[in-house]
Amino acid sequence: MPNSMSRSYPVPSVQRLPGYLRLLKEVRARGETVISCTRIADEFGQLSVQVRKDLAITGIAGRPKVGYVVTELIDSIEHFLGWDRKRTAVLVGVGSLGTAIIKYEGFVEHGLHIVAAFDNNPELAMQHVHGVPVMPFVELVPYARKRKVDIGILTVPASAAQEVANALVEIGVKAIWNYAPHKLDLPEGLICEDVKLSASFAVLSNRLLMDESEQEQLTTINNRKD
């Protein structure tokens, strides 16, 4: 299989792979052994050519008139996403969002293990959230000096984001998953994925508004006809 880190791939294609993977595991659980691009495309309301292109970035090719072997396709997607490797992470900011992330059991299935969490709230110190120990933020660097940490998950307010990011850089994380609404100043080469919750909600809210406006226009037109 190709090294997925040797080049970049279309972000939308990468983002669709987890959905395909979920479907494939459901299909496998029903005892089915092969699947076609057309079948996957129908499930997600897409063109089969797009599904084929998405799957091709993982390095796998379907078989003419047969499709893909389900187990092979699952392995190919998981390998491409790096979900067949164990990644250790620490989380900083054990508020509502941080707690929800810790409690989400799906990350373990994808190889992500949150081994510790840190927060400045003294009431949280030395507690456990879903089995993950919570420690004062000042303990982050000493903790990481004794352990390998791949990923830092940042769920703090914007005002504290850069300070926390600096600490994560100091402990040598390879990547930062940033949920804070703040653009981080990071060393070149460090991987950072910004989760833009407000931007995502803006799209949802706008689409909802447009739909409501269309419905209002249709109602007005129908009332005039009456």
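Reader: Which residue does lysine 174 meet in a salt bridge?
Author: In this predicted model, the side chains of lysine 174 and aspartate 150 meet in a salt bridge, with 3.7 Å from N to O. The pair links distant parts of the chain, 24 residues apart. Lysine 174 is in the loop between α8 (158-170) and β8 (175-178), and aspartate 150 is in the loop between α7 (140-145) and β7 (151-154).

Reader: Is aspartate 150 buried or exposed?
Author: Aspartate 150 is buried, because its relative accessible area is 3% and the cut-off for buried is under 20%.

Reader: And what about lysine 174, how accessible is that one?
Author: Lysine 174 has 46% relative accessibility, so it counts as partly exposed.

Reader: Which residue does lysine 148 form a salt bridge with?
Author: Lysine 148 forms a salt bridge with aspartate 150, and the closest N and O atoms are 2.5 Å apart. Lysine 148 itself is exposed, at a relative accessible area of 56%.

Reader: How many salt bridges are there in the whole structure?
Author: A search of the whole structure finds 9 salt bridges. One of them brings together the side chains of lysine 25 and glutamate 109, at 2.9 Å from N to O. That pair also links distant parts of the chain: lysine 25 is in helix α1 (residues 11-29) and glutamate 109 is in helix α6 (residues 106-109), 84 residues apart.

Reader: Why does lysine 25 count as buried?
Author: Lysine 25 counts as buried because its relative accessible area is 19%, and buried means under 20%.

Reader: What else does the side chain of lysine 25 make a polar contact with?
Author: The side chain of lysine 25 makes a polar contact with the side chain of glutamate 78, at 3.0 Å. Glutamate 78 is placed in helix α4 (residues 70-81).

Reader: Is glutamate 78 buried or exposed?
Author: Glutamate 78 is buried, at a relative accessible area of 16%.

Reader: Which residues is glutamate 78 in contact with, leaving aside its neighbours in sequence?
Author: Beyond its neighbours within four places in sequence, glutamate 78 is in contact with Leu21, Lys25, Trp83 and Asp84.

Reader: Changing topic, where is threonine 58?
Author: Threonine 58 is in the loop between α3 (48-56) and β2 (68-69). This residue is buried, with 2% relative accessibility.

Reader: What does its side chain reach?
Author: The side chain of threonine 58 reaches the backbone oxygen of leucine 55, at 2.7 Å.

Reader: How many disulfides are there?
Author: The count comes to 0 disulfides. A disulfide is a covalent bond between the sulfur atoms of two cysteines. As for individual cysteines, cysteine 37 is buried at 5% relative accessibility, whereas cysteine 192 is partly exposed at 27%.

Reader: What pLDDT does the protein average?
Author: The protein averages a pLDDT of 91, and 96% of the residues score at least 70.

Reader: Where does pLDDT stay under 50?
Author: It stays under 50 over residues 1-6. For those residues the model has 10 contacts beyond four places in sequence.

Terms used. Residues numbered from 1 in each chain as written. Predicted model: local features only at pLDDT ≥ 70, side-chain atom pairs only at ≥ 80, totals over all residues. Heavy atoms only, no water. Helix = DSSP H or I, 4+ residues; strand = E, 2+ residues; numbered from the N terminus. Buried < 20%, exposed > 50% of the residue type's maximum accessible area, 1.4 Å probe, protein only. Polar contact = N/O pair within 3.5 Å; in protein donor to acceptor, adjacent residues only side chain to side chain. Contact = heavy atoms within 4.5 Å. pLDDT = per-residue confidence, 0-100. Disulfide = S-S within 2.5 Å. Salt bridge = Lys/Arg side-chain N within 4 Å of Asp/Glu carboxyl O.
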